[in-house]
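Subject: The structure to look at

Hi,

Here is the structure I said I would pass on.

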Amino acid sequence: MKTLRDFAVGQTFQTSRTVDRYRPIYYAAASGDFNPIHIDPRVGRMAGLGGAILQGMCTYAWLTDACAGYFDDPVRVRKLRARFVKPVKPGDTVTFTGRCAAIEGSTVRVELEVRNQDGVEVLERATAEGLIEEER
Amino acid sequence: MAIDRKHLGRRYGPFRFEVGREHLRDFVAVTGMGVPGRVSGAPPTGAHPWTWDDAAAAASPHGGLVAPPSYAACFAIEPFAAACTDAALGIDVVRLVHGEQAFEWFGPIRPGDVLTTTGEITSLRERGPLDFVEVTTTSSNQRGEAVVRGVWTAVVRSGGFLGVLLKARRLLGEDR
């Protein structure tokens, strides 16, 4: 397990996720978000979105997972915020790129960019904090 | 049409949620790029092992499975969902999108935890044709320890041509 010494300002990390056709349906089942815009392509088309879109909170979950990977423990993720700016659809590949921006005491702050395969930002102003406690 | 500011401070909950091991593992299967369920399920390949692998979790500093932070979406959302569908606010959910999300986590969430979430409308703002509704939620476990605080922001497009168009499409749509 990483210790505080393993973190340094400027470090980067990256993960990516490709949205398969059924992911919004799986996410609906697990989260309870059955808004038809996520599970029925016809409703997505009616809303002018060209089909079903993934729940924003699923993309957000991948963002937290990227941070949990970098912090090396899901429980170390202590703060996260992001704006939802563009829909994510089945077939899209979303890439999460994080950069360690600051280390203050036991707190590691990261800034993230979240873009689709066309380079378009889908989550904006994503920032996270990890608490790296040395003793347990 | 702006949402009446008298609703600032309106409260929702408490909502109770018991964290089940199988539900937690299903959630992790979904976000970890596996498949949920016990029929055609597949394990997550992209999730942290301490959130789904019993053996790895038992050997971890947490001594057992812990929820991924994003699991908060399953329970802490309730006051936000209640506000968005509250007849008193009169929001047309067709014109609503989730605009921004912030969380602060204070400690682990484990299978068997009984979580209680309450929420409050903490901001109502209007900017041009958009209304911003902010709900702040607090979730505590069975020991009374706060486990997660969420700030949920919905953006609602006001009436106008687009709203009328969407409403008409909804009413005339083939599914309705």
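Two residues are in contact if their C-beta atoms, placed from the backbone, lie within 7 Å. Keep that in mind for chain A: among its contacts between residues at least 6 apart in sequence, 64% join residues at least 24 apart. One thing to know before going on is that this is a predicted model.

Let's start with chain A as a whole. You'll find four helices and five strands there, and from the N terminus on the order is β-α-α-α-α-β-β-β-β. Its C-alpha trace spans about 50 × 30 × 20 Å along the principal axes. Of the 136 residues in chain A, 44% are buried.

Now go to strand 4 of chain A, residues 107-115. In a regular strand the side chains alternate between the two faces of the sheet. Here the covered face has A:V108, A:V110, A:L112 and A:V114, while A:T107, A:R109, A:E111, A:E113 and A:R115 are on the uncovered one.

If you want a spot to check, A:T97 stands opposite A:E113. The hairpin these strands make has two residues between them, and A:G105 takes a positive phi near 60 degrees there.

A:V110 has A:A128 in strand 5 as its bridge partner. This hairpin has five residues between its strands, and in the turn A:G119 has a positive phi of about 85 degrees.

Last, chain B. How many residues of chain A are in contact with chain B? The count is 32 residues of chain A, against 36 residues of chain B. Helix 1 (23-31), helix 3 (41-46), helix 4 (56-71) and strand 2 (77-84) of chain A each supply at least two residues of the side that touches chain B. Helix 4 of chain A gives the most, with 10 residues. By class, that side of chain A has 19 nonpolar, five polar and eight charged residues.

The two chains also share strand pairing: strand 2 of chain A and strand 2 of chain B (residues 96-105) run antiparallel, joined by five bridges. To find the place, look for A:K79, whose bridge partner in strand 2 of chain B is B:E104.

Cheers

Notes. Residues numbered from 1 in each chain as written. Chains lettered and ligands numbered in written order. Predicted model: local features only at pLDDT ≥ 70, side-chain atom pairs only at ≥ 80, totals over all residues. Buried ≥ 20, exposed ≤ 12 C-beta atoms within 10 Å, placed from the backbone. Pairing = 2+ DSSP bridges. Nonpolar A, V, L, I, M, F, W, Y, C, P; charged D, E, K, R; others polar.
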